[in-house]
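Please read it alongside the sequence and coordinates shown here.

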Amino acid sequence: MIRIAIQSKGRLNEESLSLLQSIGIEVDAPKRKLLSRSQTFPIEALYLRDDDIPQVVSGGTATLGIVGLNEVEERGADVDILCRLGFGGCRLSLAIPKGEAYDGPSWFNGRSIATSYPNILGKYLKNKDIDAKIEVITGSVEIAPAVGIADAIFDIVSSGSTLVANGLVEVETVFESEAVLIARKDLNGEEREIIDDLLFRIESETVSRGKKYLLMNLPKASLEEAIRILPAMRSPTVMPLASSDWCSLHSVIDAADLWTKVRQLKAIGAEGILVMDVDKIIL
Ligand code: ATP
Ligand code: MG
């Protein structure tokens, strides 16, 4: 049995729980208990603030954790990053008031920057040989320039709309983040075995994300061209139809390519195209 630390509420909570659910691991939501044992997998969830997750894992209170890479980096936690999870995507960026003449990172020399990420920012400034003052504030960083706390900010950006609303312009992206699965170092044999099973399930889940299953009828004469359009995992499945000039073709494609591929397939005579969601892909 292992323990996994999950954000109790906030941006990563729901997607962390739905990832577990999608790989057959049911745990009670944090509303009911701070510690919840799964009935379907040897794991229990410990619900915490995201700030605490890296240390709780490095210190051994939990074996695993789901947290933003930004928090792991900022805390300098001594943990292993097992995999990226494909959600919670954001970046840490420097932003300055709109209208300032920006001529590159040296703009920050002699200026002050408000942030909740002093370590990541400190490393960046040192790297670029910039002498700026870091003002640590824990929330509402984006209002700092308007109220005179600092000249600029260093904060999380995802869509950028918060910056625009506060009259700021993003000028440098410093760190790209997403949710990651972290583990304590020096795992024992039993923990390793459970984690291998978990990673296997997560992989089949992330591989299938954003994939569509396509099924169509195709004149046999167009088969070669269709195979060029549909580079499937190995090659598309081709099945005979009652009419000997036609076949049925099955393939998995990226959802993002769906409409382009469908148009190309129609152009070479494909008919009755069925598009289905893919639940899992076990490689
Ligand atoms: P907690 O109460 O657990 O300390 P929090 O307020 O510090 O929560 P959230 O705002 O819930 O944190 O964000 C958690 C994580 O989600 C961030 O550390 C980051 O990795 C990720 N994230 C993704 N997009 C955004 C965004 N637009 N703003 C903030 N965090 C984001
Ligand atoms: Mg937090």
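Predicted model: local features only at pLDDT ≥ 70, side-chain atom pairs only at ≥ 80, totals over all residues.

1. Lysine 212 is partly exposed, at 22% relative accessibility, whereas aspartate 277 counts as exposed at 63%. Here buried means under 20% relative accessible area, exposed over 50%, and partly exposed in between (1.4 Å probe, protein chains only). The side chains of lysine 212 and aspartate 277 meet in a salt bridge, 2.5 Å from N to O; a salt bridge is a side-chain nitrogen of Lys or Arg within 4 Å of a carboxyl oxygen of Asp or Glu. Because lysine 212 lies in strand β12 (residues 211–219) and aspartate 277 in strand β15 (residues 271–277), the pair ties together parts 65 residues apart in sequence. Helices (H or I, at least four residues) and strands (E, at least two) are DSSP runs, numbered from the N terminus.

2. Residues are numbered from 1 along each chain as its sequence is written, chains are lettered from A and ligands numbered from 1 in the order in which they are written, and side-chain values use heavy atoms, with hydrogens and water left out.

3. The structure holds 17 salt bridges. One of them joins glutamate 44 to arginine 3, with the closest N and O atoms 2.9 Å apart. This pair links distant parts of the chain, since glutamate 44 is in strand β3 (residues 43–48) and arginine 3 in strand β1 (residues 2–7), 41 residues apart. Glutamate 44 is buried, at 13% relative accessible area, but arginine 3 is partly exposed at 26%.

4. Arginine 84 and glutamate 178 also form a salt bridge (3.2 Å, N to O). Arginine 84 belongs to strand β5 (residues 80–84) and glutamate 178 to the loop between β10 (168–177) and β11 (179–183), so the contact ties together parts that are 94 residues apart in sequence. Glutamate 178 is buried at 17% relative accessibility; arginine 84 is partly exposed at 48%.

5. Aspartate 51 is partly exposed, with 22% relative accessible area.
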